[in-house]
Amino acid sequence: MTSRNTIYLYTKNDTKSLQIKATLEKAIIQNGFKVVEEDHHASIIVSIGTDGSFLQAVRNTGFRQDCLYAGISTSDSLSMYCDFLADDIEAMAEAVLTNKIEVRKYPVLEISVNNNPKFLCLNEFTIRSNIIKAFVLDIFIDHKHFESFRGDGMVISTPTGSSAYNKSLNGAIVDPLLPCIQVAEIASINSNEFRTLGSSFILSGNRSLELQLHKDWNDYPSMSTDNEALSIQHVESVTISLSDKVVKTVKLKNNSYWEKVKRTFL
């Protein structure tokens, strides 16, 4: 059985990151925690770096359901997924030991390409034309045709992912307490001949979304999950739904999602 005070540190392998990791490891041990070398032995997985590092830590450790995730920022400021600063590890230890933390459950997407095995995504899934030409997607909601999209692509995001790429497309920022999926267009074509909704829309977490590509020599789109590219040829369809799984993250009680949004954008 995994001890509740075992921590796995996830970081890049460059010299600076490894130096920060070594410093943090000493501080963690001094505060009564144990650092393990393999993530499956940990009860807490801690990423060191940026929000991108946090996303990679979650993905590379398999979206574990039996542990907590935490982010330590190596910059001078906190971010969406990083609630602690690298130069103030004592504050993190004190927060854990004095029960000043909360566990927030973040929704994740479940995605399947061409009905192949599903994979998970915490921030967003993107699909774009891979050639200098608009491509066509038929959009199905709960297996019923909704619209035919023509344009550069689409971004499907979780509530926490709504403040990332989705926001730059004028999508809404969504409270993570709402289990839902947001769909945003990338440069849609709207004319007398072609018509899409023309705005982002939000689906209940109980609904399913399917994207079907038209076969017009554009079946090798650029796709990504979070900050990782997917290389899949001959794409015919993508199905997306909200997973039953969640990412349990450690956050400070006085650092809510909306305080993070305010700090980042206002």
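**Close-up 1. The lining of the largest cavity, sorted by residue class.** In this predicted model, the lining of the largest cavity is made up, by class, of seven nonpolar, two polar and three charged residues. The residues that line this cavity are F54, Y69, A70, G71, M80, Y81, D83, Y106, T249, V250, K251 and K260. Two strands, β4 (68-73) and β16, each contribute at least two residues to the lining of the largest cavity. The volume of the largest cavity is about 40 Å³, and the structure holds one cavity of 30 Å³ or more. Rolling a probe the size of a water molecule over the atoms is a way to show where empty space is left.

**Close-up 2. The second largest pocket and the residues around its centre.** The second largest pocket has a volume of about 160 Å³, and 13 residues line it, with H143, S208, L209, T239 and I240 lying nearest its centre. The elements that give two or more residues to this lining are β6 (101-113), β13 (208-213) and β16 (237-252). Sorted by class, the lining of the second largest pocket has four nonpolar, five polar and four charged residues.

**Close-up 3. Strand β6 and its two pairing partners.** Strand β6 runs antiparallel to β16, and twelve bridges join the two; within this pairing, P107 stands opposite V246 in β16. Strand β6 also pairs in the antiparallel sense with β7 (residues 119-121), here over three bridges, and E110 stands opposite L120 in β7. The hairpin of β6 and β7 has five residues between the strands, and in this hairpin N114 takes a positive phi near 55 degrees. As a general point for reading such views, the side chains in a regular strand alternate between the two faces of the sheet.

Close-up 4. A disulfide is a covalent bond between the sulfur atoms of two cysteines. How many disulfides are counted in this structure? The count comes to zero disulfides, where the cut-off asks for a pair of cysteine sulfur atoms within 2.5 Å. For C67, the nearest cysteine sulfur is that of C82, which is 16 Å away, and C67 is in no disulfide. Is C67 buried or exposed? C67 is buried, with a relative accessible area of 3%. C121 is likewise in no disulfide, and the nearest cysteine sulfur, that of C180, is 14 Å away. C121 is also buried, and its relative accessible area is 0%.

Definitions and conventions:
Residues numbered from 1 in each chain as written. Predicted model: local features only at pLDDT ≥ 70, side-chain atom pairs only at ≥ 80, totals over all residues. Heavy atoms only, no water. 1 Å grid on protein atoms, 1.4 Å probe; cavity = no way out; pocket = protein on both sides within 12 Å on 5 of 7 lines; lining within 4 Å. Points joined across faces, edges and corners; volume = space filled by probe spheres on them. Helix = DSSP H or I, 4+ residues; strand = E, 2+ residues; numbered from the N terminus. Nonpolar A, V, L, I, M, F, W, Y, C, P; charged D, E, K, R; others polar. Buried < 20%, exposed > 50% of the residue type's maximum accessible area, 1.4 Å probe, protein only. Pairing = 2+ DSSP bridges.
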